[in-house]
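Hi there,

Here is the structure I said I would pass on. Have a look at it first, and my notes follow below.

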Amino acid sequence: MLGSCYDLHEINDAAIAQNFSLDLLENGQVAFLAQTTQPVPRSETGETQPSQNISVMGTGRTAAEAARGMFLHFSRLFLWIHANTLFIGENLARQDLTLISDFLMRNRNLRFQTCVYLVCGVSIQDIHKAMNERGFAITSARGITQQIETQAEELGYYTPLANIELLERMLTPGIEPALPQLTVIKEGDKDRIVLQGMGVIKNNRLIGKLNPEQSQGYYYLQSKKKQGGLISIAWSDSPNAMAVMHCTQFTSNTRPFIQEGKLNMKIDIKCELQYLETIGDDNIYVPANQQRLEYLAEEKIKQQVRSCIIQAQQLNSDILGWGLTTARYQPGWWEDMAAQWDQVFPVVGSQVEVECILCSDGLSRESFRFN
Amino acid sequence: MRYIKNKPESKPSPQEVIHTDIPASLDEIRSQLDTLYQFCSDIVIREFVFGNPETRGLMVYFDGLVNKDEIENNILRPLLLDIDMLDVKGDLTHRDIINDVKTRIISPAELKGVKTWDELIRRIGSGDCALLIDGYGEGLVAGTRSWQSRGIESPDNEVVIFGPKEGFNETLRFNTAQLRRRIKSSNFKIESFVLGRITKTDVIICYIKNIAPDSMVEEVKKRVNGIDIDGILDTNYIKEFIIDDNKTLFSQVMHTERPDRVCGQLLEGKICILVDGSPMALVLPSTFTDYITTPDDYYTYYIPASLLRLLRFTAFWMSLLLPSLYVAVITYHHEMIPTALLLTIAASREGVPFPSFVEALLLEAMFEMLREAGLRLPRAVGPAVSIVGALIIGDAAVRAGLVSTPMVVVVAATGIASFVTPSYNASLVVRILRFGFLFASAVLGFLGIMIVLVIVLLKMVSLSSFGVPYLAPLAPLNLAQISDIMVRRPWFVNRSRPYLEGMRNQQRQGNGKDEGG
Amino acid sequence: MSKESIILLLFIMVLFIIGGCQTQELNESGVVAGLGIDLEEEELQVSMQMARPALPGQSSGSEPAFEVVSAKGRSLSEGLRKITLLFPRNPLVAQANLLVIGEELAKTDLALIADSILRNPSIRKNAVVVVAREVSPKDVLNTQVAMESLSATAIPRMLRNQERQMGIYQEVSLEEFLNKLARPGVDPTAPAVTLIDSINGKAIRLEGTAVFKGREMAGYLDSRESRGLRFLNPGRIQGGLINIPAPFEGPGRVGIEIIRSQTKVEAANTDGQIVMRITYIGEGNYYEQTGEADILRLENIPVLESICAEQIKSDMQACIKQAQKLKSDIFGWGNIVYSQHPAVWAELGPDWEEIFPGVKTEIKVEFELRRTYVTDQSLHYQ
């Protein structure tokens, strides 16, 4: 009985956190911003009023102090466990992620599966303001989680990253994290949150970015991902002739091999494609064209993957996890080279092979015929 | 005191009379009868004279308990009128009159000589009539019992969809007859006892010899014989005397009103106790698994019966744990609920003035009161109460913001689930334990629920009913029997009886020993 | 008519006569959630936060769930009753669980209200006392706290949560406040609230602790000194976060969560000189660190513990320094001297005001680290 009621919280005395954001202020203090939803009781007529999102900010010398600083002007206890998105401000990411990583790891109230995003171009206050204005999702922080998942399936641009993955990649030698980036754009008088590029981390700091094309290449290099990706290819020189395909399934494999004393990476990507649409009046989707379509898709993916590799090597950040792969498949080699990996990584050769199979189409077997 | 002493002390007190033998002289019999049945207005004592030379006789019975036609036709008429049919022409000189009367003259099917007042009184009280003849210290007791009783009706609180609809009633003989009609083997034994110093109630113990372990039968008889009480009005009196552990919530014997259920249990080697005047049969030993089985299981095709049993299991756990789980989740373990659901619950709890635990306690208590009120109310008022209680109070409480809607849903679901439990005894236990779990969950969350669950389980495994572990066959584990707990095993694979220590014949089908008779 | 029935009749009649004189139908009264008192132009301004009764589901989004009414009077009771001049309902003051004292009033004289508060049966003595810092109590009551309908219920909750989580301010009840005001050898304190601009508009923020000297407010403790005050109060406390610099070179910091602690204060009398002996025993958990340093190692734990102890000790000293500067015995040391050395107190009591600023202290702090939550080491970055 002595230890009883140790963490009893009535939920109407608590605030359910949807999102929390961390940034570094100019005065060197950590800012902690939490978004919560004001529960709105159902009215007697049964109609639900739109739930209202509220953001609360605290500052402090460390993340935990900042989080707890909120209690100086906020009266409810937060239930952190329901926060499924974490935004990290650009300033903090550029300075040092270790300011918050221990907090993220050690705190038992945080979910390891929380999705982590980088906020670039705007401050976390701005993005919270934009989030609180959006009323269409149950709560907008949850909307963003859904957004990145749908985007990955439909477009295959950005790869979501969970809190625990971020920490693991910061801690494990031979792999660096890359975070999807969010920004706010003005659309009329409304603010809209968009996903834009990915931030590349090295040695716990933000050092560069991947543009959408590179991000797509990064997406294809994820061995965990299995689905998604839109491929549009130019069919001929005419700008009006295009074919659009969707990658319904893919597997990606990266294996190191040593050639002439140099480390090389062999990357195998196997895709199953679905034909989506033809632009222009050429009859592209005919059996005779299948090989060429597949070839063009392969080239497209290759190009995206290569551009990602080039960017990563330029930034000298092993976001592709090549070090880890080497350690796994060439342990002897890795032992010798681990210390100099920073010098080795930019010059690792790569050999990308993509194999596409066009295996399904939509409702129509032929291209649309105009009169 | 002096006043009493001064009275002529010719008459002994009824207590003294009762332990004496019946005297030979009819005058003495008459005076002792008057002593015994002083102020008993329902006693009928008829004196008469019969035969040649005239012999005095006397007939005693209780009005209303006997069939008067039978007495007139089978006893009085032969004695008074048909005595001439004897070849002695009514001359009874030097003859053993009582033996003649017994063997030759009167004709009731059931006739027995008794020599003590004690037994005579008991027999008359049961509705027999006694014939006493001058000069013989023996009474002839004829079975003439007949009284108004409730007919055989379908039991109210053990309703089945299929299967027999008959239930026990208050007359012991009808009840044993119902059992005998179903089990015709001579191995089916019905042993009779008389308990209750004042009520002199007939109690029977029935079992099937060779199936019920002898040691257990002996033990039950020993315990029943050990009861010394002034009256037995219902089987529960006996139950409380003979159970192993009388400091526990869990019922160690099964109550049933259904003869078919008793027979099913007897075939599994159980023992049944019936009491005159009570329609409830006790079946023992009874284990925890009897809580969730109903006779309907065995009368329905095995596939739906098994699914229904699973449903009943679910309902059992729900009625035990649902409110406490809900309270634990919304006060301690918010991470267990999906965010959207948590938001809905939070919104509905917004503005509720009580802590969740108090809210649950209030609603649960209200529900129990409604349930209890519904039981005792006259039938005509019952629906009105349930409408007022369930609909109006529930709805108005939510509208007034006193309780939250999810809590009403949880309590209502628990209520429905608790009605699924077939045994009333079991649902009593569940209802009490539910509050225990609720307290624990308010204090320690899931940890508290777990602690109480462990305590309850410890108590249950330590219990035994007449040597049978209470949780058998779950603990100790009996794999062969466990399949009949989770699902209803089809009859064609149900080859053996549930194991009881000392059971001699476990085989149900095929190469089992012939049960004889 | 029998004797019994006459007595019964009389009894019922008496019930009817005495009953009813105090009844107030709830829908004819206004529920006062919070009370604010300030001095304005030599008159007492009384403000009340009245809860607007609303059925669940009828919460109208933009409209606040309360109404602030205020009136002026020369005395507190006059001010309280003058509310009826502008509010049609009878205010139920007994429901108020927050008392906001204006800075102006606090700086002038608490004697203006103390007697009235003590005597008034409908002012709740377990209400929480706060001082409105640089703002008027009326504005504090007029400000909404995020997610809460009434700021008057939110502020006590804020104080409670904040103490568990941050460990800066301590809740002060009206009873305790009045007690300290009345007793010699101890001066009262009360947490202060102010208004700030937050991303949700105006917000109430806990800011400092008001220190009283006798009947008047002498000054404020800042958040560090308030922390020290909490450590110095005799008894057990739970919760709170200490932020210490990491025991290595570099910018890193370490957050330690206080689980529980206990403070004992004793007065020692050495050669007529009073020395306060303060013993603090506490335990805490390793909560977070910043930076890449490998801090959480077995050999570092004593170092961390001693840094924590130092930090706690310096917080205490800062508080003592400020209190002695303000000449306000908010720790109740005079009272401790009185109960432990009555003879000495008889001698020093009258001059305690002069003696207190010079009282020496001996502070002993023992701090122990217990748990480290999810990981038992510092993160080793690649």
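What percentage of the residues of chain C count as buried? Of its 382 residues, 43% do, where buried means that 20 or more other C-beta atoms, placed from the backbone, lie within 10 Å of a residue's own.

Before you read on, please note that this is a predicted model, in which local features need pLDDT of at least 70 and side-chain atom pairs count only at pLDDT 80 or more, while totals for chains, interfaces and linings use all residues. Residues are numbered from 1 along each chain as its sequence is written, and chains are lettered from A and ligands numbered from 1 in the order in which they are written.

**Chains A and C**

Chain C has 12 helices and 14 strands, taken as DSSP runs numbered from the N terminus (helices are H or I with at least four residues, strands are E with at least two). Its C-alpha trace spans about 90 × 60 × 55 Å along the principal axes. Among the contacts in chain C with a separation of 6 or more, 73% join residues 24 or more positions apart; a contact here means C-beta atoms, placed from the backbone, within 7 Å.

In chain A there are 11 helices and 13 strands, and the C-alpha trace spans about 75 × 65 × 45 Å along its principal axes. Of the 371 residues in chain A, 46% are buried. For contacts in chain A with a separation of 6 or more, the share from residues 24 or more positions apart is 71%.

**Where the chains meet**

The contact between chains A and B takes 21 residues from chain A and 22 residues from chain B. Here the side of chain A has 11 nonpolar, five polar and five charged residues.

**Nonpolar cores**

A nonpolar core is a set of buried Ala, Val, Leu, Ile, Met, Phe, Trp, Tyr and Cys residues joined through C-beta atoms within 7 Å. The largest one holds 249 residues, and A:Phe32, A:Ala63, C:Leu98, C:Val129, C:Val130 and C:Ile155 touch the most other members. Helix α12 (residues 302-331) of chain B supplies its largest share, 11 residues. A second, separate core has 38 residues, including B:Tyr207 and B:Cys272.

Leaving aside residues up to four places away in sequence, A:Ala63 touches A:Leu22, A:Val30, A:Phe32, A:Leu99, A:Ile100, A:Phe103 and C:Glu288.

**A helix pair in chain C**

Helix α8 (residues 223-232) and helix α9 (residues 301-326) of chain C pack at about 100 degrees, with axes 7 Å apart. The axes are lines fitted to C-alpha atoms over the stretch in contact, and angles run from 0 to 180 degrees between N-to-C directions. So α8(C) is roughly perpendicular to α9(C), a term that covers 65 to 115 degrees. Their contact has seven nonpolar, two polar and four charged residues; among them are C:Arg224 and C:Phe231 of α8(C) and C:Asp315 and C:Met316 of α9(C).

Best wishes

Technical notes: Contact = placed C-beta atoms within 7 Å. Nonpolar A, V, L, I, M, F, W, Y, C, P; charged D, E, K, R; others polar. Buried ≥ 20, exposed ≤ 12 C-beta atoms within 10 Å, placed from the backbone. Parallel < 35°, antiparallel > 145°, perpendicular 65-115°, else oblique.
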